[in-house]
Amino acid sequence: MACGGEKKTEANPETYPDKPVNVIIAYKAGGGTDVGARILMAEAQKNFPQTFVIVNKPGADGEIGYTELAKAAPDGYTIGFINLPTFVSLPHERQTKYKIDDVEPIMNHVYDPGVLVVKADSKFQTLAEFVEYAKAHPEELTISNNGTGASNHIGAAHFAKEAGIKVTHVPFGGSTDMISALRGDHVTATVAKISEVASLVKSGELKLLASFTETRLEGFEDVPTLTESGYPVIFGSARAIVAPKGTPKEIIQKLHDVFKAALESEDNIEKSKNASLPLKYMSPEELAQYIKEQEKYIIETVPTLGIN
């Protein structure tokens with residue numbers, strides 16, 4: 001059956017799956033999305049008759065992987081992970097080769113809260129010190145992010161606006177490089193997701209100045225939230241599994257059921273906790289609604305942040 005454009009599929013829900021399923025990750029191996037995806041897929045594999053093959057397609061802030069996912073045949077043999085808000089923000093910032101409605105939601109996997117991080121030996125040991133210095137020295141402090149207009153850039157810019165400070169945002173091609181820049185003393189700070197820096201914080205190499213959460217982070221109760229410090233910014237990255245638009249509903253349901261069981265399994269819960277990955281299930285309907293809310297934030301709030 002043809003599903004518009006160049007997409008053609010011979011998908012047969014009754015015989016699905018009869019070959020391996022490619023799982024596209026739009027970021028480098030070793031980043032937060034990749035680590036979580038591999039943990040979940042290994043667990044899902046136990047109850048799926050074919051192999052899930054992880055395919056890393058990094059580049060252009062995620063657009064390369066997202067485009068390949070969006071343009072794949074809607075037959076259930078290509079699915080992938082999207083990061084929110086990045087998946088939604090990119091098409092509003094530039095002419096992307098995919099559209100937000102090119103995908104069908106399967107399930108949300110993780111909600112990874114944002115954090116402001118410095119090196120442990122930084123001269124800034126508190127959020128107040130960081131803000132005070134930034135106010136006195138506009139644009140001197142540098143904050144690395146995971147790509148221009150990508151999730152961490154939005155979070156950092158929203159924080160800077162609320163705090164009334166001017167900083168210099170330094171984009172990198174993903175979270176791995178962004179954190180390497182901080183570790184190598186090339187930037188003052190980074191805005192990351194907690195899963196990406198938790199081990200480096202626990203080892204004493206990095207230090208959290210604040211979390212972008214409503215309540216203090218579990219395991220990091222001594223770290224203040226931005227909100228309690230007077231800067232009401234809630235920010236994090238949802239990571240969700242989607243399929244190309246037009247994938248038969250029966251196949252979406254099959255995949256959803258396998259992934260939900262994997263998400264809720266004891267092994268996945270334990271391994272995800274060890275990787276500091278905060279699991280957050282959303283059904284296809286809840287995920288669709290969340291994507292709409294993210295788009296509203298991108299349209300209404302992001303243009304006020306001076307990102308572009």
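Reader: Which helix is T67 found in?
Author: T67 is found in helix α2, which covers residues 63-71. One thing to keep in mind as we chat: this is a predicted model.

Reader: Why does T67 count as buried?
Author: A residue is called buried when its relative accessible area is under 20%. T67 comes in at 12%, so it counts as buried.

Reader: What is T67 in contact with, leaving aside its neighbours within four places in sequence?
Author: The partners are K97 and Y98.

Reader: How far apart are the C-alpha atoms of T15 and K161?
Author: They are separated by 53 Å, and along the chain the two residues are 146 places apart.

Reader: And E228, where is its place?
Author: E228 belongs to the loop that runs between β8 (206-211) and β9 (236-244).

Reader: What makes E228 partly exposed?
Author: Its relative accessible area is 46%. That value lies between 20% and 50%, so E228 is neither buried nor exposed by the cut-offs.

Reader: Which residues of helix α3 are buried?
Author: In α3 (residues 86-93), the buried ones are T86, F87, V88, S89 and L90. They pack against α2, β3 (78-84), β4, α5 (151-163) and α10 (284-300).

Reader: Stepping back, how many helices and strands does the protein chain come to?
Author: There are 10 helices and 10 strands.

Reader: What makes the chain as compact as a globular protein of that length?
Author: The globule rule gives 19 Å for 308 residues, and the chain's radius of gyration is 19 Å, close to that value, so the chain is as compact as a globular protein of that length. Along the principal axes, its C-alpha atoms fill a box of roughly 65 × 40 × 30 Å. Of the 308 residues, 55% count as buried.

Reader: Among contacts between residues at least 6 apart in sequence, how many join residues at least 24 apart?
Author: The share is 77%.

Reader: Which domains is the protein chain divided into?
Author: Domain 1 is made of 21-110 + 236-303, and domain 2 runs over 112-235. Their centres, taken over C-alpha atoms, are separated by 25 Å. Across the boundary, 23 residues of domain 1 are in contact with 22 residues of domain 2.

Reader: Why is a space called a cavity and not a pocket?
Author: In a cavity a 1.4 Å probe fits but cannot get out, whereas a pocket is open. A search of the whole structure finds one cavity of 30 Å³ or more. About 130 Å³ of space lies in the largest cavity.

Reader: Which residues lie nearest the centre of the largest cavity?
Author: Those are Y27, G31, G174, S175 and E196, out of 16 lining residues. The elements giving two or more residues to this lining are α1 (32-44) and α6 (175-183), and α6 provides the largest share, three residues. By class, the lining has one nonpolar, 10 polar and five charged residues. Each of domain 1 and domain 2 supplies at least three residues.

Reader: What volume does the largest pocket have?
Author: About 570 Å³. It is lined by 22 residues, and L217, E218, S276, L277 and P278 are the closest to its centre. Two or more residues come from each of β4 (103-119), α7 (194-202) and α9 (266-274), with the largest share, three residues, from α9.

Reader: How do the residues of that pocket's lining divide?
Author: The lining of the largest pocket has 12 nonpolar, five polar and five charged residues. Here too, domain 1 and domain 2 give at least three residues each.

Definitions and conventions:
Residues numbered from 1 in each chain as written. Predicted model: local features only at pLDDT ≥ 70, side-chain atom pairs only at ≥ 80, totals over all residues. Heavy atoms only, no water. 1 Å grid on protein atoms, 1.4 Å probe; cavity = no way out; pocket = protein on both sides within 12 Å on 5 of 7 lines; lining within 4 Å. Points joined across faces, edges and corners; volume = space filled by probe spheres on them. Helix = DSSP H or I, 4+ residues; strand = E, 2+ residues; numbered from the N terminus. Nonpolar A, V, L, I, M, F, W, Y, C, P; charged D, E, K, R; others polar. Domains from an automatic or database assignment. Rg over C-alpha atoms; globule rule 2.2 N^0.38 Å. Buried < 20%, exposed > 50% of the residue type's maximum accessible area, 1.4 Å probe, protein only. Contact = heavy atoms within 4.5 Å.
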